[in-house]
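Please walk me through this structure, one feature at a time.

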Amino acid sequence: MIRVVLPAHLKNLAHVTGEVRLELPGPGAGRVTQRLVLDTLEARYPMLLGTIRDRHSGKRRAFVRFYACEEDLSNESPDAPLPERVVAGEEPFIILGAMAGG
């Protein structure tokens, strides 16, 4: 079970409250990666397609950041394994909307 924290506007879009809990496909899904989590999230909540990643390239949107275990994973490879504490459900995978300006 992977715990995912969404920003408020994406929770509203997906009609959820609190954390989203995802069961990943297949027994022992192997390596749990950002790509696998986001693919599963978008499959369960198709209204989120294109909001977190570009639909065509699959790249993270410019003002979306990913965090886990107090680390910024935004620039990590989408196929890099997530931290073990996230995979175990002890820590959430956090999707955060960044702000720009000054």
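The largest pocket has a volume of about 190 Å³. A pocket here is an open set of points on a 1 Å grid over the protein atoms alone, where a 1.4 Å probe fits, with protein on both sides within 12 Å along at least five of seven lines. Grid points are joined across faces, edges and corners, and the volume is the space filled by probe spheres set on the points. Thirteen residues line this pocket, and Gln34, Gly58, Lys59, Arg60 and Pro78 are the closest to its centre. A lining residue has an atom within 4 Å of a point.

This is a predicted model, in which local features need pLDDT of at least 70 and side-chain atom pairs count only at pLDDT 80 or more, while totals for chains, interfaces and linings use all residues. Residues are numbered from 1 along each chain as its sequence is written, and side-chain values use heavy atoms, with hydrogens and water left out.

Which helix gives the most to the lining of the largest pocket? Helix α2, residues 34-44, does, with three residues. Helices (H or I, at least four residues) and strands (E, at least two) are DSSP runs, numbered from the N terminus. By type, the lining holds three nonpolar, five polar and five charged residues. Nonpolar covers Ala, Val, Leu, Ile, Met, Phe, Trp, Tyr, Cys and Pro; charged covers Asp, Glu, Lys and Arg; the others, Gly among them, count as polar.

Stay with α2. Its buried residues are Gln34, Leu36, Val37, Leu38, Thr40, Leu41 and Glu42. Buried means under 20% relative accessible area, exposed means over 50%, and partly exposed lies in between (1.4 Å probe, protein chains only). The cover over these buried residues includes β1 (2-5), β2 (20-22), β3 and β5.

Phe66 sits in strand β3 (residues 64-68) and Phe93 in strand β5 (residues 93-97), so the pair links distant parts of the chain, 27 residues apart. Phe66 counts as buried because its relative accessibility is 2%. Phe93 is buried too, at 0%.

Now turn to helix α1 (residues 8-14), which holds Leu10. Leu10 counts as buried because its relative accessibility is 5%. Not counting residues up to four places away in sequence, Leu10 touches Leu48, Thr51 and Ile52. Such a contact means heavy atoms within 4.5 Å.

The whole structure has eight salt bridges, each a side-chain nitrogen of Lys or Arg within 4 Å of a carboxyl oxygen of Asp or Glu. One of them joins Asp39 and Arg53, at 2.7 Å from N to O. This pair links distant parts of the chain: Asp39 lies in helix α2 and Arg53 in the loop between α2 and β3, 14 residues apart. Arg65 and Asp72 form another salt bridge, with the closest N and O atoms 2.5 Å apart. Arg3, Glu19 and Arg21 are linked in a network of salt bridges.
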